[in-house]
Amino acid sequence: MARVFLSYAREDADTAHRLAQALGSAGHHVWWDRHIDGGSRFVSEIDRALKDAEAVVVLWSQASVESAWVQDEAVEGRETGRLVPAMLDSSKPPLGFRQFQCVDLSNWDGSEPVALPELLRAIARTAGEQSSFAQTSTQATTNGARSQPVVCVLPFTNVSGDAEQEYFSDGISEDIITDLSKVSALSVVSRHTAFSFKGSAGDVKSVARQLGASHVVEGSVRKAGTRVRISAQLTDGATGNHLWAERYDRDLTDIFEIQDEISKAIVAALRLQLLPQERKAIEARGTSNVEAYELYLMARQYWVSGNDGDPRRDEIILRLCQKAVDIDATYARCGRVEKSCHRLS
């Protein structure tokens, strides 16, 4: 039977739990983030589970389509041919995933696995195709025959001289990954895989070769007071030549505009066209308040790198998100993280 990675939004935890039990009853080994033991590194455990899985089951819902983490895991499944998408409600999957046929679980009531034949068939089919997919993928990479560019956004380096500013540079990197993932003509290496190279001084061509990426994005972030300087560059993974590079030295209030410009510049350098809905999706930031955004980035840093289930960690996340929501009551990203921590506490 298959090793299954289950990706879902925290709001759908109850459904995910029932589904994990149903798939387990059908003989599959199911991994979901409740398997993380106290004290384990959240990101490294997820990354390991993603790499080991033979099928990545993604549960799309109103909450998960807006989740950067679920989208990141879905990208990993899509780019390795292991994606098995399912719908929990009538929400449309994010851009870049709408060409995949989804298993409809909107009417599933949590009964025995015999009620999930389509999902079980999809998992079996996907798991059985992995060896042939891996061989084809490797050959395509070697021959340079990929049908679309594959971009890896390496974690931007924090050059602020303050280790506590790491949350900001990581957040910028993650948001650029999320933005580029919305471009249907572009494949993007997942956040978990890209961040496994954090702190390493590996050669760009070597990184591209290991990940099967055609292009690599690197950068640095310096934040001081109300000013921010971001440098970014796009490199051809095969030749090591720079295709685009820019430095942005502006007020912190321009951070959203800078992110938009970087993502659009990368797309332009790759000679791709943004669809109107893709441009709109990239420009959607959830908030226009920089202070609320910074608080969200701090909370997200604790969320992805802290100890899952640690009450003190959850308390910090709640406090940061509450401050962000106090500043911008419409900031849905913080509101969802806050609700998730309440659910787990």
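Colleague: Why does Val159 count as partly exposed?

Modeller: First, a caution: this is a predicted model. Val159 has a relative accessibility of 30%. Buried means under 20%, and exposed means over 50%. The value of 30% falls in between, so Val159 counts as partly exposed.

Colleague: Where is Val159 found?

Modeller: Val159 is in the loop between β7 (157-158) and α6.

Colleague: What does Val159 touch, not counting residues up to four places away in sequence?

Modeller: Val159 touches Ser220, Val221 and Arg222. Take Val221: 62 residues separate it from Val159 in sequence. In space, their C-alpha atoms are 5.9 Å apart.

Colleague: On to the rings. How many aromatic pairs does the structure hold?

Modeller: It holds six aromatic pairs.

Colleague: What makes the pair of Phe5 and Trp31 stacked?

Modeller: Two values decide. The ring centres are 5.2 Å apart, and the limit for a pair is 6.5 Å. The planes are at 10 degrees, and stacked needs under 30 degrees.

Colleague: Are Phe5 and Trp31 buried or exposed?

Modeller: Both are buried.

Colleague: Why is the pair of Trp60 and Phe97 called tilted?

Modeller: Their centres are 5.4 Å apart, with 55 degrees between the planes. Stacked needs under 30 degrees and edge-to-face needs over 60.

Colleague: Where do Trp60 and Phe97 lie in the chain?

Modeller: Trp60 is in strand β3 (residues 55-60). Phe97 is in the loop between β4 (83-87) and β5 (103-104). They are 37 residues apart, and their pair links distant parts of the chain.

Colleague: How do you know that Trp60 is buried?

Modeller: Its relative accessibility is 0%. That is under 20%, so Trp60 counts as buried. Phe97, at 2%, is buried by the same rule.

Colleague: What lies over the face of Phe97?

Modeller: Arg78 does, at 4.7 Å from the ring centre. The distance limit for a charge over a ring is 6 Å. Elsewhere, the charged end of Lys223 sits over the ring of Phe168, 5.6 Å from its centre.

Colleague: Why does Thr287 count as buried?

Modeller: Its relative accessibility is 7%. The cut-off is under 20%, so Thr287 counts as buried. Its place is in the loop between α10 (276-283) and α11 (290-305).

Colleague: What makes the link between Thr287 and Asp328 a polar contact?

Modeller: Their side chains are joined at 2.6 Å. The limit is 3.5 Å, so the distance passes. A polar atom of the Thr287 side chain also lies 3.1 Å from the backbone nitrogen of Asn289.

Colleague: Last, the cavities. Which helix gives the most to the lining of the second largest cavity?

Modeller: That is α3, with four residues. Both α3 (68-79) and α6 (166-180) supply at least two. The lining includes Trp69, Glu174 and Arg300. This cavity has a volume of about 100 Å³.

Methods:
Residues numbered from 1 in each chain as written. Predicted model: local features only at pLDDT ≥ 70, side-chain atom pairs only at ≥ 80, totals over all residues. Heavy atoms only, no water. Buried < 20%, exposed > 50% of the residue type's maximum accessible area, 1.4 Å probe, protein only. Lys NZ or Arg CZ within 6 Å of the ring centre and 35° of its normal. Polar contact = N/O pair within 3.5 Å; in protein donor to acceptor, adjacent residues only side chain to side chain. 1 Å grid on protein atoms, 1.4 Å probe; cavity = no way out; pocket = protein on both sides within 12 Å on 5 of 7 lines; lining within 4 Å. Points joined across faces, edges and corners; volume = space filled by probe spheres on them. Contact = heavy atoms within 4.5 Å.
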